[in-house]
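Colleague: I should like to go through this model with you. Could we begin with the strands and then turn to the helices?

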Amino acid sequence: MSITGEARASVVGREAQTELLATPTRTGHTVAALIAAWLGSFADSGATRAAYARDLREYVEWCTRRELDPLGVRLPEVQMYAAELAAATNPRTGRAFAASTRARKIAAVSSWYTFLVRAGAIDANPARDAARPRYDRQHSPTASVSERQAAQMLTASRDYRHRSLAPEVVALVMMLLIDLGIRVSELCHADLADLGQRDGLRVLTVRMKGGKVRTRPIPAPLVPVLDAYLAQRPDADTGALVVTRRGERINRHQIFRLVQTMAAEAGVPMPQRITPHSMRHTFNTIARERGAALEDRRDALGHSSAAVTQLYDHVAVSLTRDPAHLVAVATSETRETAPNSPEHSP
């Protein structure tokens, strides 16, 4: 069977990238070793390390396709990469990359080059002065659901039959996301050993971004759901808290699809826009509306500062307080009381 031109190019590209990664630098370390060492500096944040690993892999692949040595590029080449990012589409969503995502990708490249300078592999960071996409930090594209919709999603999760997740798992996952507001990465990485008891309460130790660790209570309504899951949890070689029917640790893709399915089951409009991160926004909004203090919400969510939590607040409050509601009511009332025809003819 002959190899098509596209397949041949793919093979050549992989070979070129393999050769590039194995190339020794002036420090004696290979490019692959320098990447691994740089990623190792994010040991306290698995999510950041994973995102930066993907970002740098994409950048190295881009350099390989253009026959560029990533250790020899200058500012113009980095700007070319940024320009192509602006014109590219996200393969996961089919839409253009958000400005914040493009800014993160350029930041990852710059961070790697800064590491290389400190390691003595290069003399200067070519991405240091690269233009970063501007975006409104007070805007969040994350969709969220109301308290009633969240309750409907939890109700739907109790009887849903999933192909690879037992009903008890589905109910537990949704309650952990909504009632505790934990990140999908925190849920995936939670272990049985993280369960415990303190001051008469069942608790879960949550390992968050930036190496932070929080002990979160298991709320009373969640306790029977947790116990029902533990009673039927299949024997597994892994110590993961949440496992599939086959005894494998649950992954973020399964959770992502589950959340969208539960949103659809609950009748949430545009369920494809609802994500596990949407549940964190929902947790924060419900907690705020029920009287939880800003500092308590910040601590529960594991935010680096109250400003991040306030961004969540800003998005929710700006929607409910938008004057458009008042104007729409006023014009609606006017239409209802106005005569069907003008009082005077022109």
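Colleague: Which residue of E2 is the bridge partner of glycine 196?

Modeller: Valine 203 is the bridge partner of glycine 196. This is a predicted model, and in it E1 and E2 (residues 201–207) pair in the antiparallel sense over 4 bridges.

Colleague: What is the strand order of the open sheet?

Modeller: The order is E1-E2-E3, and the pairing is antiparallel. E1 (195–198) and E3 (213–217) are the edge strands, each with a single partner, so one side of each has no neighbour in the sheet.

Colleague: By how many degrees are neighbouring strands turned against each other?

Modeller: On average by 40 degrees, with direction ignored.

Colleague: Which strands does H9 lie across?

Modeller: H9 lies across E1 and E2, and runs at about 75 degrees to E2.

Colleague: And how do the axes of H7 and H9 cross?

Modeller: The axes of H7 (residues 167–179) and H9 (residues 223–232) cross at roughly 140 degrees and come within 9 Å. The two helices are therefore oblique to each other, and their crossing is left-handed.

Colleague: Which residues make that contact?

Modeller: H7 contributes Glu168, Val169, Ala171, Leu172 and Met175, while H9 contributes Val225, Leu226, Ala228, Tyr229 and Gln232. By class, 8 are nonpolar, 1 is polar and 1 is charged.

Colleague: Changing topic, what is the mean pLDDT of the chain?

Modeller: The mean is 85, and 86% of the residues reach 70 or more. Over residues 1–9, however, the pLDDT is below 50, and this stretch has 1 contact beyond near neighbours in sequence. Where pLDDT is low, the predicted coordinates should not be read in detail.

How values were computed. Residues are numbered from 1 along each chain as its sequence is written. This is a predicted model: local features need pLDDT of at least 70, side-chain atom pairs count only at pLDDT 80 or more; totals for chains, interfaces and linings use all residues. Side-chain values use heavy atoms; hydrogens and water are left out. pLDDT is the predictor's confidence in each residue, from 0 to 100. Contact means heavy atoms within 4.5 Å. Axes are lines fitted to C-alpha atoms, for helices over the stretch in contact, and angles run from 0 to 180 degrees between N-to-C directions. Angles under 35 degrees count as roughly parallel, over 145 as roughly antiparallel, 65 to 115 as roughly perpendicular and the rest as oblique. A crossing is left-handed if the near helix is turned anticlockwise from the far one by less than a right angle, and right-handed if clockwise. Ala, Val, Leu, Ile, Met, Phe, Trp, Tyr, Cys and Pro count as nonpolar, Asp, Glu, Lys and Arg as charged, and the others, Gly among them, as polar. Two strands pair if DSSP finds at least two bridges between them.
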